[in-house]
Amino acid sequence: MANPDLTVVVLNLSPTVTLGDLNAYFSNCGLVEKIKLLGANRDRSLSALVTFRQPYAYQTALLLNNANFAGQPIRILPKKVAADPPVSYRTIPIVTENNKTGGNMPGLRAAVEAIAVEGVEKLNQARDELNHKLKLTENSRVVMEKTRLAVCAADQAIYAAEEAAKDVAKRIKNIAVGATWLSDVLQKTSKLVLELGHRKGCSPNSRDRI
């Protein structure tokens, strides 16, 4: 069973169009599964259902909407958005590369080539944009690495300064403790000298001498 998502509805076909014409025209988009040529409408134009085997062929056919075919513009819509009229139709067998009929139509080939060129240009543009983003990402990574190194260096400098400040404070504290100790020793020595001098002045031997 054919996939309905790969079927397009072709409207406003010329009354002179044949199954061979349709097969030759849409085979340039890709492999055709089958074609159903519908009856004439009130304006005598024909409609058709064309089913493809590959999704890319289906998408290419939709891009040919409003293209000129058999002397008049045609409309090509997905089957899911167009009604399938309950009219009689004829079905042609599966068309392959070995048994497809009709020649290549220059107008369709040019349209397909133009679509292919546009697709390549868009791919190149997308590739350039991706390369630009990757370059920006690499630059950002380098800047972040340099920033990280600078922060680490600053942290080390701050740590060294704090340790140096602690060492200086410790030494100052030791000097202060030493000065206090020395002052206490001097005070005690001076007091002892005064006491000895006072005792010596009050001794009996000193009175006899007077």
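Helix H1 holds a run of buried residues: Leu 19, Leu 22, Asn 23, Ala 24, Tyr 25 and Phe 26. Here, buried means under 20% relative accessible area, exposed means over 50%, and partly exposed is anything in between, using a 1.4 Å probe and protein chains only. Helices (H or I, at least four residues) and strands (E, at least two) are DSSP runs, numbered from the N terminus. Because six of its eight residues are buried, H1 is largely enclosed by the rest of the structure.

A word on the ground rules. This is a predicted model, in which local features need pLDDT of at least 70 and side-chain atom pairs count only at pLDDT 80 or more, while totals for chains, interfaces and linings use all residues. Residues are numbered from 1 along each chain as its sequence is written, and side-chain values use heavy atoms, with hydrogens and water left out.

Zooming out, the chain has four helices and seven strands, and they come in the order β-α-β-β-α-β-β-β-β-α-α along the sequence. Of its 210 residues, 23% are buried. A contact means heavy atoms within 4.5 Å. Taking contacts between residues at least 6 apart in sequence, 70% join residues at least 24 apart. The accessible surface of the chain is about 15300 Å², and carbon and sulfur atoms own 60% of that; such areas come from the Shrake-Rupley method with a 1.4 Å probe, and for residues only the protein chains shown count as cover.

The chain averages 75, and 64% of the residues score at least 70. Confidence is highest in strand S6 (residues 75-78), with a mean of 96, and lowest in strand S7 (residues 89-91), with a mean of 42. Over residues 84-104 the pLDDT is below 50, although this stretch has 42 contacts in the model beyond near neighbours in sequence. Where pLDDT is low, the predicted coordinates should not be read in detail.

A pair of aromatic rings is described by the distance of the centres and the angle of the planes. Rings of Phe, Tyr and Trp (its six-membered ring) pair if their centres lie within 6.5 Å; planes under 30 degrees apart are stacked, over 60 edge-to-face, and the rest tilted. Searching the whole structure turns up three aromatic pairs. One of them joins Tyr 25 and Phe 26, edge-to-face, at 5.1 Å centre to centre and 80 degrees between the planes. Tyr 25 counts as buried because its relative accessibility is 3%, and Phe 26 is buried too, at 0%. Phe 26 also pairs edge-to-face with Phe 52, at 6.2 Å centre to centre with 65 degrees between the planes. Since Phe 26 sits in helix H1 (residues 19-26) and Phe 52 in strand S3 (residues 46-52), this pair ties together parts that are 26 residues apart in sequence. Like Phe 26, Phe 52 is buried.

Ring pairs link Tyr 25, Phe 26, Phe 52 and Phe 69 into a cluster. Phe 69 belongs to strand S4 and is buried, with a relative accessible area of 4%.

Side chains of opposite charge can pair when their charged atoms come close. A salt bridge is a side-chain nitrogen of Lys or Arg within 4 Å of a carboxyl oxygen of Asp or Glu, and the whole structure has one. It joins Glu 33 and Arg 53, with the closest N and O atoms 3.2 Å apart. Glu 33 is in strand S2 (residues 32-38) and Arg 53 in the loop between S3 and H2, so the pair links distant parts of the chain, 20 residues apart. Ala 70, in the loop between S4 and strand S5 (72-73), has a positive phi near 60 degrees.

Finally, Trp 181, Leu 182, Val 185 and Leu 186 form a nonpolar surface patch with about 420 Å² of accessible area together. Patches are made of residues with over 30% relative accessible area and no salt bridge, joining like charges within 9 Å and nonpolar side chains (Val, Leu, Ile, Met, Phe, Trp, Tyr) within 5 Å. Trp 181 lies in helix H3 (residues 106-201) and is exposed, at 58%.

Key
pLDDT = per-residue confidence, 0-100.
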